2 protein chains.
Amino acid sequence: MQINAARVNERLAYLTRFGTTPDGGVTRYAFTPAEQAATNTVAGWMAEAGLEVRRDAVGNLFGRLPGRRPGPAVLTGSHLDSVPNGGHYDGPAGVLAALEAVQSMKEQGIVPEYPIEVGSFIGEEGSRFPHGLLGTSFLTGTFPCDEIDHIADRDGVTIAAALRAHGYDPARAAEAAVAPGTYKAYVELHIEQSGMLEARGLPAGIVSGIAGMRQARGVIRGRAEHAGACPMDLRRDPMPAVAEVILEVERAARELSPATRATVGFVQASPGAANVIPAAVELSFDIRDLDGDRRDACVERIRTFFDEVSRRRGLTGEFEVQHTSIPIRCDAHIVQTMHEAAAAINLEPFELPSGAVHDGANVSLICPVGMIFVRSRDGLSHCPQEYTSPEDIAAGTSLLAETLLRLAK
Amino acid sequence: MQINAARVNERLAYLTRFGTTPDGGVTRYAFTPAEQAATNTVAGWMAEAGLEVRRDAVGNLFGRLPGRRPGPAVLTGSHLDSVPNGGHYDGPAGVLAALEAVQSMKEQGIVPEYPIEVGSFIGEEGSRFPHGLLGTSFLTGTFPCDEIDHIADRDGVTIAAALRAHGYDPARAAEAAVAPGTYKAYVELHIEQSGMLEARGLPAGIVSGIAGMRQARGVIRGRAEHAGACPMDLRRDPMPAVAEVILEVERAARELSPATRATVGFVQASPGAANVIPAAVELSFDIRDLDGDRRDACVERIRTFFDEVSRRRGLTGEFEVQHTSIPIRCDAHIVQTMHEAAAAINLEPFELPSGAVHDGANVSLICPVGMIFVRSRDGLSHCPQEYTSPEDIAAGTSLLAETLLRLAK
């Protein structure tokens, strides 16, 4: 089916005005004027397209194209919030591609068997409140509602206060959870956030699954001493121990599988002076894999090495797992449908994993999930340089439209 | 001659209040309120002792006991600044022992042939500005005054700005350099910072020479990307490259000689978030040896490895030598005088080298230099646990007083 490539790209460009930063990026947190303006704008476009527009009890926005049957519906969408000084494609591309697919169907007189709903979910990034995937946590009934008065942003504004300030009753937030069987499928288009599609020369790809993440924090403690006075063989220096661990993190991920990713993004020596052997060095670990067991094996391999090197060097190590998310496999039927959709638009079908977590990870708790990735220039995301070409947006939107058409049949 | 052991130890204890850390250590950087308060306190004690007190053009503090002749003077002293969360003895012990020796002479009516000046030199540690031995660099005319507007602390405050903020005119900083022949000798008492005196059961020792230091800063730049999205083989991650370099630093020093010391005391990743592959990682290098050629060979080995690993991993590396001090041999006449002074107080004369750089390395450019070390418990320094007993402070102060008395004759 045809989609209007100019319209979806014009709308993407229009949204960039809400929350623009001096670097040309965007800062658009949940329940802020910029995010509300972007959401209201999209709601207007949904109404223009003739969709049935509504907000749920926490402000998730929906635009519904009715089907021949009342339900269950096919859900598609993404989010409009951003990380601080992020890019203009992460989130909005998925909301607007979904709207474009559904609007084109309506314009072409296509009435699906099942309804299709376009969703824009609040607070996916977790950049304001320390709880990512916020909107779909409410939607799937997994948000801990007794925490609504406690989880607060850096200014102390709680989620409850933010809801209240925007006309929602926090006491009724649990009503955002949908009944079982409400949705038959969820499909999200998102920018890829890495260079795999670019390396293959493809505008879009089919996501095989969303990696599960495990984050940990390590500290190795030794003895601070004068860098000049203390001979090498009398040192208890945590720095080379941490260096060994960093190299093991890289080795472990490389050796386990091409889908395993392990990163040390933070490292800090204390006291951190050029002429002092550090008393302690702290580092972060971020380990992800589509296969949860392999991810855990990677974490355990690193932890074992961490303990071994600390002991061997006469140091003390602390290794603490801080956060874990489960990996999900995309639904086999949806993936197969995407292969058929790709064939219909002459797109080479290429499957790739998602290393980043998305709303689909939540929605998989209530229905089968699939994702489409569109190419990111230089693999960049979460920064002002984030870019997906109009042609790639169009190709991804076509793939999404063909997929929705088949799923809603 | 007698010294007042209680007074010197009481003064040492009094100074601990300026810049105390929660761990019981001290953070007292050049031109900060804590360092200024400590310096003003010592200036007050100098005045109380009847010395002629003055500051030079960059804030080095001097207290002068006149001699029968106008000059040249014997200079003695140390520094009051510290490393971050360092100890209370490194620096202050030398300033207060010098003051005690001179004050005791004055109280006992001893008028030396030549003047004796007690000095407290600014910014010895180089913990704030990346230029150690700052005060004696100005004193000896070796500070590159055209850099005064460029060398800055981590907050971007330049040395010139810090001087201006404390009432000194940076345009006149070069006036701190003394005329040739101003000093006939320099003697500094300092804590040992390693375990050699403790192993010998001696309170104090005579330093034979000071290792030469070379400090450098390295940055390896790659590409910031999403830690979950970017596969291992597409990364340009500077973190494992820096880990390789840190291990090479350790290897190089161990392989070159037992007197070679190489340390990475500072490391920082940018942006430094657990879920972002770093765009850049910065690290410090501190390489020392009593043999200057061997020290330089160590630096070059590390620099070559640094460039090689950056290239091999597709990254860009910058390696910049920031500060160099030459190794020095202590003056034979002063060492001989110290042996006589030790005999006068029944102290076993024991010679040992200094792995740490001290202001004496600079001052050796303008006059003969000698140093006295006092025992450090467990060889610890640059940490809150740094400790020298009151008895050892007293023994070292006596050795210093006897030495000054002889040199100023």
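The largest pocket has 39 lining residues, and A:Glu125, A:Gly126, A:Gly132, A:Met213 and A:His323 sit nearest its centre. A pocket here is an open set of points on a 1 Å grid over the protein atoms alone, where a 1.4 Å probe fits, with protein on both sides within 12 Å along at least five of seven lines; lining residues have an atom within 4 Å of a point. Its space comes to about 1200 Å³. Sort the lining by class and you get 15 nonpolar, 17 polar (Gly goes here) and seven charged residues.

A quick word on ground rules: this is a predicted model, with local features needing pLDDT of at least 70 and side-chain atom pairs pLDDT 80 or more, while totals for chains, interfaces and linings use all residues. Residues are numbered from 1 along each chain, chains are lettered from A in the order written, and side-chain values use heavy atoms, without hydrogens and water.

Now for the interface. On chain B's side, B:His226, B:Met232 and B:Arg261 supply 14% of the area buried against chain A, more than any other three residues.

There are two salt bridges between the chains (Lys or Arg side-chain nitrogen within 4 Å of an Asp or Glu carboxyl oxygen). A:Glu250 pairs with B:Arg313 in a salt bridge, with the closest N and O atoms 2.7 Å apart.

Technical notes. Buried area = accessible area lost by both parts, 1.4 Å probe. Points joined across faces, edges and corners; volume = space filled by probe spheres on them.
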